[in-house]
Amino acid sequence: MMTTFAPSALSGYLIVSGILLTIGLIGFFVRRNLIVMFLCTELMFQSAAIAFVAVGRYYFDYSGQVMVIFILTVAAAEAALALALVVLLHRQNNTLDAETIVELKE
Amino acid sequence: MQVSMVAIGVAASGWLIGIVTGSLSAFSEVSHGLFFIIFSLCAIAAAIRMVVHARPIYCALYFVLVVISTAGLLLMLEAEFMAFALIIVYAGAILITYMFVLMLANQAENPEEPYSQAIYDRIPREPAAAVAVGFLLLCLLTGTVTGGASSLPPEGDGASQWYVLEKLSQQFETNVLEIAPDFAWPPISEGGHFIQFSSSGPYIVSGEGTVLELDEVMLPTNTQMVGWSLVNDFPVTIELAGVILLMAMFGAAVLARRAIELTEKEKRKVILGHDSEEVGDDR
Amino acid sequence: MTEMISILSSLMATPSVPTSEVLHTVNMSWAGFIVWMPLVSLVLCGICAACKVKSKAPAIITVICLGTSFLLTLMLWNGYTQPETILLFDWLQIHWDGGSFVANFALYVDSLTLLWMLFVTGLGTLIAVYASEYMEHDVGKGYTRFFAGVSVFLFAMTCLVMGDNLLMLYLGWEGVGFASYWLIGYFYQKPSAVAAAKKAFIVNRIGDVGLALAIYLIWSTFGTVQYDEITTVLNSKTYDASFGGWTVHAIPYLLMLAAFGKSAQLPLYVWLPDAMEGPTPVSALIHAATMVTAGVYLIIRTYPLFMLDDYALPTVAWVGGLTALLAATIGMAQYDIKRIMAYSTISQLGYMFLGLGVVTSYGAAYHVFTHAFFKAVLFLTCGAIMHGFAGQLDLRRLSGLRKMKGWKIVSYTMLVGCLCLAGFPFTSGYFSKDAILAEAFVTQGPGFEVLGWLAIFTAGLTAYYTFRVWFRVCAGPVYFEPGDELHGEDPSSFHPHAPRFAINFVLVVIALGALLAALPYFVPNETENIHGGWIAEMVHDSPARAGVPGVIVDGGQAEAHGTINYEIGHGDILGMDPHKAMYYISAIVGFIGIGFALFFHLYCRSAADKLRGKLLASRATRWLPTAMEHKWYVDEIYIATIRSPLWILGKLFSLFDRYFIDVALVNGIAGLPRAFARWFSPLHNGAIQSYAISMLGGAFLITLLMLFMPEIVEFLQSLSEQTASTEQVLATMGGGK
């Protein structure tokens, strides 16, 4: 199934990736629950994955998919550590609200 | 809630339609586009619902839907290994971890109403500024993508895939002999490659001069391609990825192990809800 | 009598030799101690103050030091042969390519200096002795401060008189102003004393501006500020129109302004009556004998400069005459005897300036000399009265002092002073005032005859008010009331305490001096063609010799009036020769004045009150006594015309400063960083998400920049090309012209 990839199709994939990225970004800014914030960062990882694979498919270069593997790896590692920190923060402040962590204020 | 149900319903019906149309005809541009639209709409809708929903568990669940839709998109891109790896790792591992933590840390606003949401989940933070910034970013991205589509370098041809097939000589031989059992192996290599390209597609020339046109089904699978690329081109990176995972494991274990040690007084305060000095004072 | 006169004349005779200076740095530098001794006294008084000495030690120190100065002055006078400059140390020596400014700390000793220094140091010592008893109430509190002030004053006065250049004079000028301020404000807890001190200093300042400007103009016109060099330049007539015409004419007026400020003439006399807030020794020393004569000294020293402008000396004469008249009218209507004496000082200073203006520096110097003695005695007796009657100075409440036990010396020395002041025949004041009055008729000048008659009228007024004081206070029935400074005594059982030895001794000595000051008139001159006695000799040896009466040499007119180098005129009074006639005219006028005083204030005291009542009742004459009693409202005029506008201006400026400069400029400029920071500080709210938004915004901008970099570069290049092209166009346009 070696269909060639039209540039418009590539644009479509990239636009979808961009939209997902933007939604993830907006979610990161808007939500106050720490865990949901991290979920939004994972959403941004998804969009990156789509973009990599799409462009890799366009040029028949499999480095894109390799990159997605590494994205997966890093996302897993990061999720583990982030959640550990969130657990600690929750133990300390008894809340998951990101607005309470303002100790670096001027 | 209703919107997400609608989106799921649309996706499911689209899938059915796709199966039906796919079974009717060979894979065509129309169904390609159709599936693309279905999967992307599903992803976007699920993402929006995830970002907006007030209860974090539901956010995680909608994220699972996003992951599945993304996997569908990856399938459209002929990256089946990636799609399923994504589902396994993300939806199966990372999201489960998130849900565990959510269940651990979820706080109700009111102890008497355990199903109400905390205030920080109900009320967002500066949505207007966020949406404005996101809008700007999206404009930029979309503009770049559509504007630069004409200036992209030309798309690649699939020659590299065939060259990888060459490297997998055992499989190559098996596949060729399945199709044409009387092919004289090995074929002639010109310019270092066995497989030559013509206007009608790839072909190999045997030593006796037999020209065999190769079919697409002989291509290595996506898994093989990814594996080949991974090991051939990025060996060190694999090792480093392993190291990263190891560090994450250690880090998580160390971090989560540290517990805040409360003194007797603090423990009593937490239990009773007020300061207390006496030993026997517990209500 | 003649032997005494001859002995005195041999003591006082000084040969006159041509002026040439010899620099004696080795064997005359002991003369520097005349200047250093008051400084030593100041330092020792400072040490006493630091050690909180509670005895009369500061007085003893001051008297010893000032006495040493006086003795050294006597020694200097004894060995005086010719004018000399004694260099004490190099002070200011600034040389540059175009010129130089040299002002050394040197003493210029000529006979004028010696004349001044004799009575300055002499009276200084005596008044310090007087003050040691007068100020005994303040022992332990301000005693040391008082004597430190007196020491500063005398140091500055010696600098002023003995300096060889105008800068040392200026140093002394400012120093005496400061000492006067310090001592007038001695009772610093009294607001009126503080206000009087400030007034004195500020009004003097107005004069000081004139002096500073004059010194600068002198330096820029003559190239030097040393007296001898100025005289050389003037005599060699190297100045001409190229010297800068207007500066040469402005110098006398500026010097005049300075002298008017320091010597309390119109319009700058208002500080002297208020200066009576200081202790009486201060009034006697500073405001009668020494500081106020600094103005006269200045003019005498720079007399040749006053000859440069035709109207300088007449201005001096008219100001002096009018001041004399004004002050006499005010003095007639005051009740505070110290204030009457203050106005009398102003009036007599007016006489001295009148004398300078009618070109008799001899007469002015003689009047300075005699006035120092008799005014000092008058002030010191007023002080003794104040000291003994707990601060009572109102002549309506004191009477018949000469009949009281222990007050005889005070009364009779006061009588001596009054006689001299009134110009009673054959007293010192008689001769000195005559010299001035006569010359007013001799010299030809604008309106000098009118001025002369005004001066004679003022002499009558002077006699009247002086004896008004004496007849009221010292004669008549015995009556007294204590004043305000009772120091805790009970008013009903008050006994005046009579002055003791120190005060009486000093009063007697100074009164004798006042009487003996008439003698110099009779000393025959050794210099040919001068007449006027010892004082004239002393003045003749100085730059002011133009004012010494003598005979005009060239031309051989032995009887013409004038001086050695300067023909003055041939005026007459009522057809008679002024010098001879003035003896009788002034005596008659004096007797008339004394007669009026005798009637109104001794024989028929109620007549004075009735006269005053009649004048006040009638509308046509009411203004006379009220204006005179209110000092012709001069102070009020000054407040309305000068002080109030300045005060309003000051208020406006302070409002401007507070509401415009502070608010707009200072706070505005200070507020800019603050506002700027406030604008940006919400960025630092510690919330992760807002940081993320900011980062995204930044990333967005950078991405834009990177994406559109070529277009931006093109745009900037096109801009620079545009500016380059416009520059080219402008250059071609400019070149084309």
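This is a short tour of a predicted model, stop by stop, with something to select at each one.

**Before you start**

Chains are lettered from A and ligands numbered from 1 in the order in which they are written, and residues are numbered from 1 along each chain as its sequence is written. Because the model is predicted, local features need pLDDT of at least 70 and side-chain atom pairs count only at pLDDT 80 or more, while totals for chains, interfaces and linings use all residues.

**Stop 1: chain A**

Chain A averages 87, and 94% of the residues score at least 70. Now pick out helix α1 (residues 7–30) of chain A, where confidence in the chain is lowest, at a mean of 89, and then helix α2 (residues 34–59) of chain A, where it is highest, at 92. Helices here are DSSP runs of H or I with at least four residues, strands are runs of E with at least two, and both are numbered from the N terminus.

**Stop 2: where chain A meets chain B**

Show chains A and B together: 70 residues of chain A are in contact with 75 residues of chain B. Contact requires the C-beta atoms of two residues, placed from the backbone, to lie within 7 Å. On the chain A side, α1, α2 and α3 (63–93) each supply at least two residues. The largest share, 24 residues, comes from α3(A). By class, that side of chain A has 46 nonpolar, 16 polar and eight charged residues. Nonpolar covers Ala, Val, Leu, Ile, Met, Phe, Trp, Tyr, Cys and Pro; Asp, Glu, Lys and Arg are charged; the others, Gly among them, are polar.

**Stop 3: a sheet in chain B**

Select residues 196–198 and 211–213 of chain B, which are β1 and β3. They belong to an open sheet of three strands in the order β1-β2-β3, with antiparallel pairing. β1 and β3 stand at the edges with a single partner strand each, so one side of each is left without a neighbour in the sheet. Zoom in on Phe197(B), whose bridge partner in β2(B) is Pro202(B).

**Stop 4: across to chain C**

Select helix α6 (residues 127–148) of chain B and helix α26 (residues 688–707) of chain C, which pack at an angle of about 25° with their axes 11 Å apart. Axes are lines fitted to C-alpha atoms, for helices over the stretch in contact, and angles run from 0 to 180 degrees between N-to-C directions. That makes α6(B) roughly parallel to α26(C); angles under 35 degrees count as roughly parallel, over 145 as roughly antiparallel, 65 to 115 as roughly perpendicular and the rest as oblique. Residues in the contact include Leu137(B) of α6(B) and Phe700(C) of α26(C). The contact has 11 nonpolar, three polar and no charged residues.

**Stop 5**

Select helix α14 (residues 312–332) and helix α15 (residues 337–357) of chain C, with axes 7 Å apart at about 160°. The two are therefore roughly antiparallel. Their contact has 17 nonpolar, eight polar and no charged residues.

Terms used
pLDDT = per-residue confidence, 0-100. Pairing = 2+ DSSP bridges.
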